[in-house]
Amino acid sequence: MGTLTYDSKLVVSFDDRVLAHLQAAIWAKLRRGEPFAFTWTESATSSGFGRTSVWLSPAIPVAFEYFGGRAPRLNAAWVQAMNRSANSANGLTIVPEPPEPGLEPGA
């Protein structure tokens, strides 16, 4: 499990693979200077909350820390799906990972 730290105050745990795809989508928006909302759900037992939303902008520090030493392989289709989500009126949400083009399921 890796962590996303927002504004040095909010620390949220995500699976390293999910976090790597979120990082790709978040950095794409922030590189272009585009602020946006990011909303995720949490199990009620982990933090007592069911859903959290934050406003991400280039002026607010965001840090990504990974548990594993190797970077997860990115699924380009998932990065594109996250980018579409980030560009929507609702902002970025964690969408299900689509199969990678050209890979057999379970391969």
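**Close-up views of a predicted model**

**View 1. Lys9 and its partner Asp7.** With a relative accessibility of 69%, Lys9 counts as exposed. In this predicted model, Lys9 forms a salt bridge with Asp7, and their closest N and O atoms are 3.5 Å apart. Asp7 itself is partly exposed, at 27% relative accessibility.

**View 2. Arg17 meets Glu97.** Here the side chains of Arg17 and Glu97 come together in a salt bridge, 2.5 Å from N to O. This pair links distant parts of the chain: Arg17 sits in helix H1 (residues 16-31) and Glu97 in the segment after H3, 80 residues apart. Arg17 counts as partly exposed at 22% relative accessibility, and Glu97 counts as partly exposed at 35%.

**View 3. Arg73 meets Glu100.** The closest N and O atoms of this salt bridge between Arg73 and Glu100 are 2.3 Å apart. Arg73 lies in the loop between strand E5 (62-65) and H3, while Glu100 is in the segment after H3, so the pair ties together parts 27 residues apart in sequence. Glu100 is buried, because its relative accessible area of 19% falls under the 20% cut-off.

**View 4. A network of Lys29, Arg32 and Glu34.** Salt bridges with shared partners join these three residues, Lys29, Arg32 and Glu34, into one network.

**View 5. Ile94 and its contacts.** Look for Ile94 in the segment after helix H3 (76-86). Ile94 is partly exposed, with a relative accessible area of 34%. Beyond its neighbours within four places in sequence, Ile94 is in contact with several residues, among them Phe14, Leu22, Trp40 and Met82. Val18 is another of these contacts; the C-alpha atoms of Ile94 and Val18 are separated by 8.0 Å, though the two residues are 76 residues apart along the chain.

Technical notes: Residues are numbered from 1 along each chain as its sequence is written. This is a predicted model: local features need pLDDT of at least 70, side-chain atom pairs count only at pLDDT 80 or more; totals for chains, interfaces and linings use all residues. Side-chain values use heavy atoms; hydrogens and water are left out. Helices (H or I, at least four residues) and strands (E, at least two) are DSSP runs, numbered from the N terminus. Buried means under 20% relative accessible area, exposed over 50%, partly exposed in between (1.4 Å probe, protein chains only). Contact means heavy atoms within 4.5 Å. A salt bridge is a side-chain nitrogen of Lys or Arg within 4 Å of a carboxyl oxygen of Asp or Glu.
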